[in-house]
Amino acid sequence: MTNGNIRIDFQRKRIKLPKLSWILYADDRIFTQNIKHVTVSKTKKGKYYASLTLEKQPDSSLLMHLFFSKIAAFDMSARDFVVNHLVKMENPRFYRAEEKRIVKAQRLLSRKQEGSKNYEKARRKVAKIHEKVYNRKKDWTHKLTHTLADEYHAIILEDLNIKGMQKFHSGLSKSVTLDFSWHQFVTYLTYKMKWNGHHVIKVDRFHPSSQLCSACGEKTNHLTLDMREWTCSHCETHHDRDVNASLNLLYQGLLALVSENPLMLIHDDTPTVGTTGSHAFGEEVRPISILTNLYRHTSRNKEFRLAKDESPPFIVE
Ligand SMILES: [Zn+2]
């Protein structure tokens, strides 16, 4: 409430705006802060949006004690979005679900005379379907990032930069590409994690995570794309390709996390490692092996070596 002229009623999903009475809205978000002001805008399709500016949340300072079980590393994939061994969060195909309707509406539009009344009508129809897809995707992303930000104290993700995105998208159909908005996901996740005092770490995608042995840090040069499993020539550990890559992502993220913050990592359980595809795993990775492996990894691999001290910068309880 601001001077009593803006009010929101979450239960009945209605908002009271200055000079207007109660108006129904469609949104699932709930907040507790006071509303500072509201901006109403109208889209091309004739829909109205109310953007609320809220009073600042009480400052949440960054968490400095992190439990292993509250740390998660995720691979990103257009097909499956993010996956871990607890929940499989598949990328819902909002665009694909509407693809036929979009194609049909666009075909109708192309037959209309530009500037005519019917053209305008057809154009609005195309825009309306696109808007629907966009909104459903946005809602889904809000819900997913909210869950993740509540569940984890630190999340490690691959950093898909523009170049990475191009490589990432090559070979994927347009509908898959349109359904994947990594940028939106990361933006929402980052600010929600920040609100909670939680950490988001992005790891460079071009780090040779598949070629490094997650047990000893040795780099292999004979790994081809079709090899789903391999054995390290140095320590003879047998790896599943995806599991190994996820562990490397986790290690690199942990190192970045502790080198950026004076953190204490508390060893209670296994961090969550997630990967693409249908691999559900995590149970075979024990915390103690993560620590010893991370240590070996750090001391063996130059890229991973910490500047000042080679001992693992965390406390084990
Ligand atoms: Zn090895």
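The model is predicted, with local features requiring pLDDT of at least 70, side-chain atom pairs counting only at pLDDT 80 or more, and totals for chains, interfaces and linings using all residues. Residues are numbered from 1 along each chain as its sequence is written. Helices (H or I, at least four residues) and strands (E, at least two) are DSSP runs, numbered from the N terminus.

Helix H5 (residues 182–195) comprises 14 residues and reaches 20 Å from its first C-alpha to its last, close to the 20 Å expected at 1.5 Å a residue, the expected span being 1.5 Å times one less than the number of residues. Its buried residues are Phe185, Tyr188, Leu189 and Met193. These cover an arc of only 125 degrees around the axis, which puts them on the same side of H5; the arc is that of the directions from the helix axis to the C-beta atoms. On the other side of H5, His183 and Tyr191 are exposed. A residue is buried if 20 or more other C-beta atoms, placed from the backbone, lie within 10 Å of its own, and exposed if 12 or fewer do. Gly197, with a positive phi near 75 degrees, follows H5.

The axes of helix H1 (residues 94–111) and H2 come within 9 Å and cross at roughly 170 degrees, as lines fitted to C-alpha atoms over the stretch in contact, with angles from 0 to 180 degrees between N-to-C directions. The two helices, H1 and H2, are therefore roughly antiparallel (angles over 145 degrees).

Notes
Parallel < 35°, antiparallel > 145°, perpendicular 65-115°, else oblique.
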